[in-house]
Amino acid sequence: RSGHAEIATAQSYLALALKDLGEWPEARDLLRESLASAERSYPVGHTTIALRQSNLATVLRDLGEFPEARDLLRKVLASDEQTYPAGHPEIAIDQSNLATVLQDLGELAEARDLLRKALASDEQSFPADHPRIATDQSNLATVLRNLGEFPEARDLLRKALASDEQSFPP
């Protein structure tokens, strides 16, 4: 049923729609099929495989299946680090996604380290007032706050707020 690439792509799109509707178990099952098809159809390290793994990890997180989500996101990050040059925005997204799941698992130090890398990368890739940088700052500040690193968290949140006030209407 899911052997053909076009069917697998359609499954993936349907699964994302189901995710948006909160129908996570069905979305998870379709994404598993779609990923299995991609793994049969594409060489190891292909961006389609990483994308399907990332989508599946998002649904697994929604379902509270954090260890499996973490393991998939580690694979995505490793794959994309082989595909893209260091500092590429896609790698920063992977780092942020993995950090979110690590935070869910209470692995705060590793989450902090990944978010620092993502922020540094995005600061090199985007203008200083880009909303993505403010998001990175806010995400990192949340982890820092949970680690008790309050002064740095406060400073990052001030920067994020100032950026958002410049970027968005009141």
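Here is a short tour of this predicted model, one selection at a time.

Before you click, note that residues count from 1 along each chain as its sequence is written. Local features need pLDDT of at least 70 and side-chain atom pairs pLDDT 80 or more, while totals for chains, interfaces and linings use all residues, and side-chain values use heavy atoms, leaving out hydrogens and water.

**Whole chain.** Start with a cartoon view: you will find eight helices and zero strands, where helices (H or I, at least four residues) and strands (E, at least two) are DSSP runs numbered from the N terminus. The C-alpha atoms fill a box of roughly 55 × 35 × 30 Å along the principal axes.

**The core.** Next, select Leu56, Leu72, Leu98, Leu114, Leu140 and Leu156, the residues with the most contacts inside the largest nonpolar core, which has 34 residues. Each of the helices from helix 1 (5-20) to helix 8 (150-167) supplies at least two residues of this core. Such a core joins buried Ala, Val, Leu, Ile, Met, Phe, Trp, Tyr and Cys through side-chain atoms within 4.5 Å; buried means under 20% relative accessible area, exposed over 50% and partly exposed in between, with a 1.4 Å probe and protein chains only.

**Leu98.** Now zoom in on Leu98 and show its contacts (heavy atoms within 4.5 Å). Leaving aside residues up to four places away in sequence, Leu98 touches Arg70, Leu73, Arg74, Leu77 and Leu114.

**Pro151.** Finish in helix 8, where Pro151 sits. Pro151 is partly exposed, at 49% relative accessible area. Draw a distance to Ala141, ten residues away along the chain: the C-alpha atoms are separated by 9.6 Å.
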